[in-house]
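Please read the following report beside the sequence and the structure, which are shown directly below.

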Amino acid sequence: MGRLSFNRLKDFFFDKPKEPEAPAVGNTDTDNEDELAAAVPYTNRHPWGDFSLLQNLTPERLTAILNNVKRGECPADYLELAQDIELKDLHYRSVLSTRKDAVTGLEIKVIPASEDKRDAEIAGAVERDIVKNTTAKLYTLIRDMLDALAKGFSVSEIIWDTDKTPWKPKAYKFRDPRWFQYDKETGKTLMLRAPLGNELEPLKPFRFVVHEPHLISANQITAGLALPALYYWMLKSYDVTSWAAFIDRYGYPIRIGKYGKKATEQDRVTLKRAVAAIGQDFGAVIPESALLEIIESKHAPETSNVYESMSGWIDRQISKLVLGQTMTTDEGASRAQSETHEKVRDDIADSDIQQVIETLNTSLTIPYVNLNFGEQENYPKIDLFKPDEKNVEQIIAAVEKMGPQGFKVKADELRSALGLSNPEEGDEVIGGRAAHAPSEYGIPAPGDKPEGPPIPALNAEQPETPDELDTLIDESGGGFIPISEDIVAVIEKAADKAVGFEGFREELQKLVKDWPSDKIAECIAVATFKARAQGDAEFDRGE
């Protein structure tokens, strides 16, 4: 398609949504003229909610709301409830944040479409203008995208900076899910509610990051975790309310006030006031003729565990719903059990990561590339990854164990694994070989003659222990054969007469011609034995 024309880009970016037919109360202008889904006070897109529905929610009302969701109505009431329970239920919020943190805690990189120079240039632009764009805040966008885990979808509007090329995002603005609804015909297309009336406006391409995680195979609005969580929250809400009433009723002992027949009306009023106040005060004043008894319940501790058990069971069901397991969130699990069940959560996290990556590249990377470089056959990819964690303890143990065996490592690599930098000149350092005075620890001063054998350096190669062959060679003069005086005389006489090697050999043959055979055999045997022994030993050592 090539680069989009300026007129198309102008129409694309600055086509405003429909204004309300009737003037709305208050200021309806947005802070930025480029925004398409900004809040409009006192309309369908008002920025605030009273969140009073949850406080007065009944099982009948909740059933009606959930049935509407299943019919594809996508009522704002359901999305308000989904947000409200995340604000009020501590356990639900905790496990939901844990699942989000498994994605937002990753690092981001850009993978070029190929090794081609042009693809590398486009990937570099994506990394510069999207990943490293601190103004737009990509990590915040990813966190907002994960709001879809609870509600089934999330929408963030891309505010583009078009003042200069290349065009790049300058902000990602999270939009209230109550402002959106799926079309009533198919239930598949998410649309924007008009400020007034019941009309739905289509979302303009390249302007929104819509994340719709595939959690179940059904209509997307029913995929959010809040749908089943609301049912359990209702049970927990009634359980906790009953628990609080139980504590209020049975947490304090029963107070009984008795008054005699002669008690006056004022005496009865005073006694009644004392009975009511003694649960909060440490004492009360009553007439002398009155009697105040305190009776403790014998069965209260036994029945109180019912509410606690119910609340704990509901929390475990919520943990299974959000994390897929309970071992890492509930007490009483061993470390081995926790690590076993941690893998299940990792599988869920991997699925979340891949779906976030797909949405980022479809809704953000491809629009950026098309706007600035034209359509491409292949596009770079934004990837989320967990950096390799090096076990520092294993590295140190390996160096300590293998170092004396001759294993060597670079000091820079070891410092990098420990997260340390190279010391520079003038830095105050800790560690290294201590610089002791020459007289300390038996280290001789320069010029002094050390006593005993020299101490090798710590990094010096240690000499091998001499074996029997080395001892034999040393004893025989470095491998030479010991000879008697008569043999020396013969060799010297031959050397005096010879003028070259051939002449020396001929003279030597003449002189030893009359030698006894036993002397010649002895010399040959000794020389052959030593040569064979030395050769075999060196072969075994690989020399």
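A residue is called buried when its relative accessible area is under 20%, exposed when it is over 50%, and partly exposed in between, as computed with a 1.4 Å probe on protein chains only. The model is a predicted one, in which local features need a pLDDT of at least 70 and side-chain atom pairs count only at pLDDT 80 or more, while totals for chains, interfaces and linings use all residues. Residues are numbered from 1 along each chain as its sequence is written, and side-chain values use heavy atoms, with hydrogens and water left out.

**Burial and the nonpolar core**

Leu371 is counted as buried because its relative accessible area is 4%. This leucine lies in helix α11, where helices (H or I, at least four residues) and strands (E, at least two) are DSSP runs numbered from the N terminus. Although Leu371 and Pro166 are 205 residues apart along the chain, their C-alpha atoms are separated by 8.3 Å. Over the chain, buried residues make up 31% of the 543 residues, and the secondary structure comes to 17 helices and ten strands. With contact meaning heavy atoms within 4.5 Å, 67% of the contacts between residues at least 6 apart in sequence join residues at least 24 apart.

A nonpolar core is a set of buried Ala, Val, Leu, Ile, Met, Phe, Trp, Tyr and Cys residues joined through side-chain atoms within 4.5 Å. The largest such core has 69 residues, and those with the most contacts inside it are Tyr78, Tyr92, Leu138, Leu360 and Leu384. Helix α11 (residues 335-373) supplies the largest share of this core, nine residues. Leaving aside residues up to four places away in sequence, Leu138 touches Ile108, Ile130, Val131, Tyr172, Leu360 and Leu364.

**Helices α4 and α6**

Axes are lines fitted to C-alpha atoms, for helices over the stretch in contact, and angles run from 0 to 180 degrees between N-to-C directions. The axes of α4 (residues 90-104) and α6 (residues 138-145) come within 10 Å and cross at roughly 145°. Ser97, Lys100, Asp101, Val103 and Thr104 in α4 meet Tyr139, Ile142 and Arg143 in α6.

Two strands are taken to pair if DSSP finds at least two bridges between them.

Another open sheet has three strands in the order β4-β5-β6, and its pairing is antiparallel. Here β4 (180-182) and β6 (200-202) are the edge strands, each of which pairs on one side only, and the twist averages 50° from one strand to the next.

| Strand pair | Sense | Bridges | Facing residues |
|---|---|---|---|
| β4 and β5 (residues 190-193) | antiparallel | three bridges | Phe180 with Leu192 in β5 |
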